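Biologist: Please put the model up. I would like to go through its sheet and one of its helices.

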Amino acid sequence: MQNQCTPHGDDMATPSLQEWKQLYDAAREFQKLECWNWMWDSDVFGVQNPETDEIGYCCVMGMLGQHFALGAYLGSEGLEGYLRIQSGERLPHPDFLFTQKLLMASFEDREILHKQDLRIIKDLGLTCRGRNSWPLFRSYLPGYVPWFLTSDEAVYLTLALNQAIDVCLRFKDDPELLNGTAENQYLVRVLEKEEKKWVDTWAIPRPVEKQSVTVRVDENRLRKIKKIPVRRHTVWEIDYFYSPEAVRDKKERPWYPCIILWVDRYTRVIPHIYLARPTEFASEFVEQFLNVFERFEILPQEIVVEKKEIFRLLKPIASQLGTTVKKVRKLSVMEEVKADLSTFHGM
């Protein structure tokens, strides 16, 4: 994964030097094991965060000799993202990079590190030599640039690395260690707070809570749009994808805009294109959806989409307007237009 970072804003809770020291010490001990020599990234185990009770689902990367790391996929949402990639599901590149939720400790070449990483290593008096030997820590959140750790993230990743050492060493002696007795069951390391010791438990991840997105639309506005005549034999394809170029305000973590794109299937005209913030995606999507009808005074006979979340968002509104939304496996014209846009903008 690419290192695309700049330093924290002043409002971020950065780790103390002592927290950094503990994290680097844990990472170096983990690195010495070279447990990627006997573990695959499909050997997953959990480490529960004692402060939040959230489980990070951990895997060791490096068996193929290309990327050496420990990834802790956060909660059921993080695990779902990991499993989607492991399943071989077709995810548009580079969208899959922008939809992951994890903390990662990796071991890189020196030139990959940011100057802030190098400054921390210098302040700690650490020495690193050779390829794949420089520790790098990053936080990944859907829609956001891979970023420096907060204090809480650094503390948890330190725990995850220490518990990974325990699990990996035992797995080396017992390859059946991570095999649960039930389907979809994971070994999870949990801190017993009263006895202050880590123990093995078994857990089945909670289902990912799909947020029910409800966007309130003015009824008078809908009635006016409904009066616009439906244009027969007009089909619009609608999709969104992440821009590879990040947007940054001084006081917040950089984010990747969601590019919402409308394409006329038959004429290949682009009626509208819009950049939305990931955190405000649903409301902005609906707003722009209605704006297009008002501006062009056109209601297409049919709207086709590929993504489930777009279908769920637009179907109730479209049904009130007298047009239809259909979900398809592939938007063939959309893919061609996106490819042309990528070439034109160097995306």
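Modeller: Terms come before the tour. Two strands pair if DSSP finds at least two bridges between them. Helices (H or I, at least four residues) and strands (E, at least two) are DSSP runs, numbered from the N terminus. This is a predicted model: local features need pLDDT of at least 70, side-chain atom pairs count only at pLDDT 80 or more, and totals for chains, interfaces and linings use all residues. Residues are numbered from 1 along each chain as its sequence is written, and side-chain values use heavy atoms, leaving out hydrogens and water.

Biologist: In what order do the seven strands form the open sheet?

Modeller: The pairing is mixed. Edge strands pair on one side only; here they are β5 (134-140) and β7 (197-203). The order is β5-β4-β3-β2-β1-β6-β7.

Biologist: Which residue in β7 is the bridge partner of Val188?

Modeller: Strand β6 covers residues 186-192. Its pairing with β7 is antiparallel, over seven bridges. The partner of Val188 is Thr201.

Biologist: Which residues of helix α3 are buried?

Modeller: Buried means under 20% relative accessible area, exposed over 50%, and partly exposed in between (1.4 Å probe, protein chains only). Helix α3 spans residues 115-123. Its buried residues are Gln116, Asp117, Ile120 and Ile121.

Biologist: Why do the buried residues of α3 line one face of the helix?

Modeller: Take the directions from the helix axis to the C-beta atoms. The face turned away from the buried side carries exposed Lys115, Lys122 and Asp123. The buried residues line one face because, seen down the axis of α3, they fall within an arc of 140°.
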